[in-house]
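This briefing covers one protein model.

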Amino acid sequence: FHTSHTFTTKMASPVLQEKRGAVGLITLNRPQRMNGWTSALATALYDALELLDSDLGVRVIVVTGAGRAFCAGADLGGLDTLAKAKGTSQKQGVLNTQETRTPLFPKTLNTPVICAINGACAGIGLSFALSCDIRFANSKAKITPAFAKRGLVAEYGISWTLPWSVGIGNAMRLMLASEVIDGAEACRLGLVQKVFEGDVLEGTLAFAQRMAAEVSPVSMATMKRQLWVHPTLTHEEATQQAVALMKASLLPTNPDFKEGVKSFLQRRKPNFPPLSSDNPVLKVRDMLIPKSSL
């Protein structure tokens, strides 16, 4: 089925949200400004992510941009206002310090978030994309950190996520030179995981639909947190946590394991239940790898 929801009116909202079956689709909706990042867009985006993550009928979330850009960075009009602001109160008004969520927010969700980079992706738009779990791109999409060309620094954890994706040398090259690369080069470096010559959103949605139909929500939610946190631990610490999680996954009270084995033996596609906080794997995960560790 296909339902749609917006936070104000469809034309006015900086973010559009809809459901494509078990896949939630979020579209940054300021095409006339190349989906430039503003405080209003950020709040609407985080609200949409939070709402879809809480929807038990949504198993994968896809984020893309309207028009020819994914997100071309901070709206330069807002940056100009910020640069001219003379007092602390004026600067706080531009930055919207009431919003406690940041572009790192996708990491904290249970639901996998896939970024479909349909066009220009720069600055804070790239910081957000790197905090998504998977990134696909159009082969010709222009991607750049851009911070150094604006007199800024590596913002919102990109100094961690970018070298983790492309290596320290390539991160230095991209960040210090504000180099612009296309989607194909980004894939070669490991910044994105797949490129499409045509419609990146169509290919991304097809991938997300397969995930939603065939993979356990508990497995995805648990492995997502493992993969964000375990590389920051020692090998021994990560292994100890993995063993505890594996033991929990084999418990008879884990319905996803039962269904996974049963569907394999019956040679059919699995029919996993919705995510439940009562699942023993999630209970162990939240004890060993709390959300605060992200």
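The notes below start with the model as a whole and then turn to single elements and residues.

The model is predicted, with local features requiring pLDDT of at least 70 and side-chain atom pairs counted only at pLDDT 80 or more, whereas totals for chains, interfaces and linings use all residues. Residues are numbered from 1 along each chain as its sequence is written, and side-chain values use heavy atoms, with hydrogens and water left out.

**Overall composition**

- The protein has 12 helices and 11 strands, taken as DSSP runs (helices H or I, at least four residues; strands E, at least two) and numbered from the N terminus.
- Of the 294 residues, 47% are buried; buried means under 20% relative accessible area, exposed over 50%, and partly exposed in between (1.4 Å probe, protein chains only).
- Among contacts (heavy atoms within 4.5 Å) with a separation of 6 or more, 69% are between residues 24 or more positions apart.
- The accessible surface is about 14500 Å², and carbon and sulfur atoms hold 59% of this surface; the areas come from the Shrake-Rupley method with a 1.4 Å probe, and for residues only the protein chains shown count as cover.

- Thr-27 has Thr-64 in E4 as its bridge partner.
- E4 also runs parallel to strand E6 (residues 113-117), to which 3 bridges join it.
- Ile-61 has Val-113 in E6 as its bridge partner.
- A right-handed β-α-β unit is made by E3, helix H1 (residues 39-54) and E4; right-handed means that, with the strands pointing away from the viewer, the path from the first strand over the helix to the second runs clockwise.

**Salt bridges**

- Side chains of opposite charge can pair when their charged atoms come close.
- There are 15 salt bridges in the structure, each being a side-chain nitrogen of Lys or Arg within 4 Å of a carboxyl oxygen of Asp or Glu.
- Asp-75 and Arg-33 form one of them, with their closest N and O atoms 3.0 Å apart.
- Asp-75 is in the loop between strand E5 (69-71) and helix H2 (76-84) and Arg-33 is in the loop between E3 and H1, so the pair ties together parts 42 residues apart in sequence.
- Asp-75 is buried at 10% relative accessibility, whereas Arg-33 is partly exposed at 42%.
- Glu-50 and Arg-101 form a salt bridge at 3.0 Å, N to O.
- This pair links distant parts of the chain, 51 residues apart: Glu-50 is in helix H1, and Arg-101 is in the loop between helix H3 (88-95) and E6.
- Glu-50 is partly exposed at 42% relative accessibility, while Arg-101 is buried at 19%.
- Arg-101 also forms a salt bridge with Glu-99, the closest N and O atoms being 2.8 Å apart.
- A network of salt bridges links Asp-47, Glu-50, Glu-99 and Arg-101.

**Nonpolar cores**

- The largest nonpolar core has 44 residues, and Leu-49, Phe-70 and Leu-191 have the most contacts inside it; a nonpolar core is a set of buried Ala, Val, Leu, Ile, Met, Phe, Trp, Tyr and Cys residues joined through side-chain atoms within 4.5 Å.
- H1 gives the most to this core, with 8 residues.
- A second, separate core has 16 residues, including Ile-134, Leu-201, Leu-205 and Met-220.

Definitions and conventions: Two strands pair if DSSP finds at least two bridges between them.
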